[in-house]
Amino acid sequence: MNAPTVPTKPDPSYFASEQTVRWCPGCGDYAILKGIQRALAERARPREDTVFVSGIGCSSRLPYYLATYGFHTIHGRAPAVATGMKIANPDLDIWVVTGDGDGLSIGGNHMLHALRRDIDLNILLFNNEIYGLTKGQLSPTSRLGTRSPTSPGGSSERPVSAVRFALGAGGRFVARALDVQQDRLPEILVRAANHPGASFVELLQNCSVYNDGAFSFLTDREAGPRQRLHVRHGEPLRYGADGEFGLRLDARTMKLEAVEVGPGGCSEEEILVHDEHNPALAGLLATIGPPDFPLPLGVIYCDPAAPASRPVGKAAQPAIRTTDEELTAMLASEGTYQLT
Amino acid sequence: MGSESGGVRERTRVAVGVVRFAGDSGDGIQLMGSRFTQAAAERGYDLATVPDYPAEIRAPSGTTFGVSSFQIRFGGDAIRNPGDLADTLVAMNPAALKVHLDGVREGGTVILNTGSFNEKNLKRAGLESDPREDGTLKGYRLVALDIGKQTLDAVSGLGLSRKNAARCRNMYALGLVLWMYGAGIEPARAWLEERFGAGTPVGRANLRALEAGHAFGETAELAAGAPVYDIHPAELTPGLYRTITGGEALAFGLVVGAHKVGRPLFFGSYPITPASPVLHRLAALRDNPDVTVFQAEDEIAAISSCIGASYAGCLSGTSTSGPGMALKTEALSLACAAELPLVVIDCQRSGPSTGLPTKSEQTDLMYAVWGRPGEAPLPILAPKSPSDCFDTVVEATRIAVRFMTPVIVLADGYLVNASEPWLLPNVADIAAVPAKLHTDPEGFQPFMRDEALARPWAIPGTPGLEHRIGGLERDADTGEVSYDPENHQRMSDLRAEKVARVADALPAQKVEVGPPSGKLAVISWGSTYGVVREAVEELRTEGEEVSQIHLRALHPLPRGLGELLAGFDRVVVAELNSGHLRALLRAEFLVDVEGLNQINGMPFLVRDVKAGIRGRLM
Ligand SMILES: Cc1ncc(C[n+]2csc(CCOP(=O)(O)OP(=O)(O)O)c2C)c(N)n1
Ligand code: SF4
Ligand SMILES: [Mg+2]
């Protein structure tokens with residue numbers, strides 16, 4: 001047996017499996033897959049130590065397309081499967097791939113607890129604001145008014161914000177990224193994976209068949225730059241093609257304000273500087289978005305403290321440690337008596 | 001051994017004793033029971049115990065629905081069930097008397113705590129008149145004493161509050177009953193010292209109460225009509241023993257089972273009555289470097305975490321009861337599809353829905369066999385006694401690993417809480433069957449199969465074996481996702497055949513009692529073993545031609561069972577459901593199997609089983 005070791009600078013294709021990818025043409029999942037392969041190449045962890053665990057949905061097919069270990073489980077339960085796997089073997093690099101329906105509807109409970117427990121999983125939630133695989137029904141992230149086979153008159157339910165949910169559940173690394181932004185996506189994924197503890201990345205993903213253009217407000221050549229706020233730790237919260245806009249805090253109302261920067265607008269000093277360690281700022285950034293604000297993208301929150309709990313990893317050891325004698329003693333640990 | 005504390009009274013020699021303790025949850029009934037059990041066990045008796053408690057944690061005092069009880073049957077004969085009727089009932093209040101008097105044999109002894117027989121408690125128990133005066137107790141031997149007051153007198157001067165002093169009354173009653181059965185207080189004293197510390201006021205008070213109860217009998221203060229007994233110990237194999245509940249044995253079985261297949265144990269579970277004792281017992285093993293216990297957010301997550309851990313190389317186990325089994329269904333199907341080793345312990349309870357959480361039934365059998373969408377066969381075993389829970393689970397772990405399959409162990413609420421003496425096994429004597437982890441990339445395919453049709457266990461971290469599995473149907477040759485109709489037929493057949501071959505790895509079916517053919521066979525499975533066995537043995541001594549066949553494997557059915565059934569004129573399945581095994585046997589063997597069924601949440605009584613069989617012998 002010759003153990004394949006990972007090349008020093010692996011090509012992203014090193015992490016691609018031989019399976020033909022089966023998403024619809026134009027699906028945002030292709031771009032995310034590419035971003036993941038790049039992130040894996042950059043991290044250069046051995047393929048055999050990497051596991052992709054997914055639920056059910058178009059997005060959850062992703063593990064088949066990677067040359068790592070993969071487990072396509074059942075609808076909504078990937079965080080729970082991955083939790084057991086990570087506790088069993090903390091040396092594994094475990095990624096959870098889920099959708100907006102998979103991770104926030106049927107699997108919302110498991111998502112809550114995976115984040116709360118802060119077990120070191122890299123959770124990628126593909127949010128196309130629709131149920132793709134089952135042909136376009138309303139999802140818990142679908143916007144008000146969304147017309148779908150199950151809401152022909154337009155949805156009257158308010159959507160959940162994935163980022164706010166993750167923060168509320170106690171997520172200690174919460175980020176948002178856009179499928180097509182290949183210049184930014186791999187870096188965010190690498191940071192998520194390097195974060196000790198549970199990391200959560202909402203991936204805005206275009207479903208070209210059932211919800212096409214859901215994120216075109218962000219990708220639009222003209223208007224896009226004014227809608228995207230790329231947040232970066234230590235840098236001012238500015239956006240627009242030339243950074244002509246920014247966010248300011250009104251201390252009396254505790255509200256963010258979208259303002260123009262420069263002559264005629266407000267001064268550069270008044271613009272907030274992103275501090276990804278600050279949970280209060282993360283909370284504010286999680287609430288804003290169109291039409292009055294740009295949508296924050298990037299690492300919104302990252303708690304630099306070590307996770308409170310780590311899997312004890314007893315199950316990871318390659319061989320068992322107890323002896324027959326110790327187990328005999330365990331059986332005899334209470335209320336024994338000798339009969340002659 | 002004989003009687004150490006004879007007193008002046010002549011003791012009646014009997015082979016077996018049955019004592020039932022009953023009172024409020026606050027009366028310390030379970031403690032009385034467990035301490036009496038330890039004393040009886042240490043005297044060398046064989047024994048069987050069963051508790052019965054309300055679903056409410058602290059039900060209002062004095063009410064009938066708040067009554068908690070504990071029954072022990074012990075003696076020199078082989079004891080395989082806790083007995084139908086008690087010889088002695090300790091009733092700590094009117095409600096306990098009302099609920100349990102029916103469970104005392106004619107002429108039996110009733111020890112009444114008279115201090116609790118006041119108007120308030122009579123009313124709470126829903127009694128119109130005082131049973132001591134209205135003829136209710138006619139035909140019983142009555143020992144009436146104010147246990148509460150006697151206890152207060154005994155512990156006075158120790159500086160306890162009245163409330164804490166009164167709490168010692170269970171020890172007083174225990175002392176008295178121990179004396180009645182010729183047993184000493186040593187084991188209870190040792191336990192009290194360990195529990196409370198030798199010199200502490202609470203420890204001393206409890207000990208005083210215990211001694212006072214014992215002395216009350218010994219100094220012949222006991223009413224003249226009350227019987228005192230002398231029971232010979234059993235002829236048990238010499239060795240080191242302990243008493244064990246099914247809950248403990250299920251937990252230990254997983255630990256030892258995992259050890260014997262050479263894999264660490266991952267146990268993921270969610271609390272539910274009556275399965276929680278298994279979770280608690282395993283959680284207490286936190287210093288064991290091979291055991292990891294995970295309390296999941298629900299039963300779906302519990303079994304899902306197990307699947308993840310099994311995939312990563314652990315032997316996984318989970319425990320639950322009916323409502324939780326329902327939630328585990330889809331993930332259990334995934335374990336069938338992914339062919340991963342996993343032991344699911346179902347501690348059956350009364351349903352439907354929440355049903356009677358603390359009551360026991362065998363109503364999940366059909367669900368275990370057929371209750372998964374799609375063709376998802378898996379092996380099913382059922383333990384027959386508290387200590388057999390250990391052996392059954394060890395067996396289940398072996399099957400899970402050898403065949404790469406989830407296995408269901410059908411225990412029940414009765415078994416989890418019942419106890420019996422257990423001759424401790426030496427773990428070194430239990431055969432080790434180490435799991436083989438696949439490591440060779442040459443020709444590897446995740447769904448290639450060995451001679452048992454098991455697929456390889458190829459865990460993450462192994463270079464060269466990177467592969468993808470999941471719930472989508474897989475190609476039998478490559479393991480890749482396949483929608484091919486022929487392949488699905490082939491994979492369905494392979495999965496069924498693999499599980500069918502489990503029968504080859506298990507012993508062929510034999511009769512338990514009686515000849516292997518004849519007039520009538522009674523079939524039992526699971527926890528009804530002991531009652532059915534006693535019923536059949538008694539009928540045989542009474543001259544009836546009847547045999548018992550007991551099944552441990554319920555799916556696949558044991559080899560030779562069909563032939564065995566064909567040799568009997570009549571076959572009756574005794575089970576605590578509407579006829580699940582009966583239907584399975586009829587379908588499998590086209591035999592006109594009859595049913596003896598009960599669904600009242602209680603174990604069978606020997607007399608009912610006997611009557612049921614007798615009716616069919618006429
Ligand atoms: C228990 C269960 N219920 C329902 C389904 C059907 N189902 C499959 S995927 C899906 C929704 C997927 O939506 P999402 O998670 O947003 O993933 P997407 O396809 O959009 O990537 C549903 C309802 C299922 N497979 N299992
Ligand atoms: S349905 Fe939508 S999400 Fe699914 S593959 Fe097609 S484009 Fe992608
Ligand atoms: Mg979706």
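## Ground rules

The model is predicted, so local features need pLDDT of at least 70 and side-chain atom pairs count only at pLDDT 80 or more, while totals for chains, interfaces and linings use all residues. Residues are numbered from 1 along each chain as its sequence is written, chains are lettered from A and ligands numbered from 1 in the order in which they are written, and side-chain values use heavy atoms, leaving out hydrogens and water.

## Chain A in outline

Chain A has 340 residues, and 56% of them count as buried. Buried means under 20% relative accessible area, exposed means over 50%, and partly exposed lies in between (1.4 Å probe, protein chains only). Chain A holds 10 helices and 12 strands. Helices (H or I, at least four residues) and strands (E, at least two) are DSSP runs, numbered from the N terminus. Along the principal axes, the C-alpha atoms of chain A fill a box of roughly 95 × 50 × 50 Å.

Contact means heavy atoms within 4.5 Å. Take the contacts in chain A between residues at least 6 apart in sequence: 65% of them join residues at least 24 apart. A:Glu260 sits in strand β10 (residues 255-260) of chain A. A:Glu260 is exposed, at 51% relative accessible area. Leaving out residues up to four places away in sequence, A:Glu260 touches A:Glu244, A:Phe245, A:Gly265 and A:Cys266.

## Where the chains meet

On the chain A side, 59 residues are in contact with 77 residues of chain B. The area buried between the two chains is about 5700 Å², and carbon and sulfur atoms give 62% of that area. A:Tyr69, A:Leu331 and A:Tyr337 supply 15% of the area that chain A buries against chain B, more than any other three residues. Buried area is the accessible area (1.4 Å probe) that two parts lose on being put together, summed over both.

The interface of chain A and chain B has 29 residue pairs in polar contact, both residues being at pLDDT 80 or more. A polar contact is a pair of N or O atoms within 3.5 Å; within protein, one must be able to donate a hydrogen and the other to accept it, and residues adjacent in sequence count only if both atoms are side-chain atoms. Several elements of chain A each give at least two residues to this side: β2 (69-72), α2 (78-88), α4 (108-117), α10 (324-331) and β12 (337-339). The largest share, 7 residues, comes from α2(A). In α2(A), 11 of the 11 residues are buried, so this helix is largely enclosed by the rest of the structure.

β12(A) runs antiparallel to strand β9 (residues 239-245) of chain B, joined by 3 bridges. Two strands pair if DSSP finds at least two bridges between them. In this pairing, A:Leu339 stands opposite B:Gly239.

## Backbone exceptions

Most residues other than glycine have a negative phi, and most peptide bonds are trans. The bond from A:Pro290 to A:Pro291 is cis, with omega near 5°. A:Pro291 lies in the loop between α9 (279-287) and β11 (295-302) of chain A. In chain B, the bond from B:Thr273 to B:Pro274 is cis, with omega near 0°.

A:Ala44 has a positive phi, near 55°. A:Ala44 is partly exposed, at 21% relative accessibility. B:Met404 has a positive phi of about 50°. B:Met404 is buried, at 2% relative accessibility.

## Salt bridges

The whole structure has 45 salt bridges over all chains. A salt bridge is a side-chain nitrogen of Lys or Arg within 4 Å of a carboxyl oxygen of Asp or Glu. Across the interface of chain A and chain B there are 4. A:Asp324 forms a salt bridge with B:Lys260, with the closest N and O atoms 3.3 Å apart.

Within chain A, A:Asp93 and A:Arg43 form a salt bridge at 2.7 Å, N to O. A:Asp93 is buried, at 7%, and A:Arg43 is buried, at 17%. In chain B, B:Glu594 and B:Arg616 form a salt bridge at 2.9 Å. B:Glu594 lies in strand β22 (residues 594-597) and B:Arg616 in helix α20 (residues 606-617), so the pair ties together parts 22 residues apart in sequence.
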